[in-house]
Amino acid sequence: MKKRGIVAVIVLLLIGLDQLVKNYVVQQIPLGEVRSWIPNLVSLTYLQNRGAAFSMLQDQQWFFAVITLVVMAG
C-alpha cells in the first residue's frame, strides 16, 4: 500500500508541474514563438490544438462533450 501512495504523490506532482509549465507558456510566450529554455536541449513553443489528434474536428467541442457523456453513461 505504501508503494501506491508514493506513486500517487509522484503522479500528482507531475500533473502540477505540467499545469505550471502550460500556464507559463500561455502567459510568457506569444502564439507560434519558440523559446529556448535549456540551450540545445529543451525549447518551448506555444501552439494551440483546438481539436483531437492533429487538430481533427477543430472547434467541435460539442462533439467531444457528447462522446464524453456517452462513455461516462456506459
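Analyst: Two salt bridges are present in this structure, which is a predicted model.

One of them joins the side chains of K22 and D18, with an N to O distance of 3.0 Å. Both residues belong to helix 1, which covers residues 2–28. K22 and D18 are four residues apart in that helix, or about one turn. The class follows because partly exposed covers the range between buried, under 20%, and exposed, over 50%.

The other salt bridge pairs E33 with R35. Their closest N and O atoms lie 2.9 Å apart. E33 is partly exposed because its relative accessible area is 31%. For R35 the relative accessible area is 31%, so R35 is partly exposed as well.

Apart from the charged pairs, the surface carries a nonpolar patch formed by M56, L57, W62, F63, V66, I67, V70 and V71. Together these residues have about 790 Å² of accessible area. One of them, I67, sits in helix 2, which covers residues 61–73. With a relative accessible area of 40%, I67 is partly exposed. Patch members must have over 30% relative accessible area and no salt bridge, and the value of 40% for I67 lies over that cut-off.

How values were computed
Residues are numbered from 1 along each chain as its sequence is written. This is a predicted model: local features need pLDDT of at least 70, side-chain atom pairs count only at pLDDT 80 or more; totals for chains, interfaces and linings use all residues. Side-chain values use heavy atoms; hydrogens and water are left out. Patches are made of residues with over 30% relative accessible area and no salt bridge: like charges are joined within 9 Å, nonpolar side chains (Val, Leu, Ile, Met, Phe, Trp, Tyr) within 5 Å. Accessible areas come from the Shrake-Rupley method with a 1.4 Å probe; for residues, only the protein chains shown count as cover. A salt bridge is a side-chain nitrogen of Lys or Arg within 4 Å of a carboxyl oxygen of Asp or Glu. Helices (H or I, at least four residues) and strands (E, at least two) are DSSP runs, numbered from the N terminus. Buried means under 20% relative accessible area, exposed over 50%, partly exposed in between (1.4 Å probe, protein chains only).
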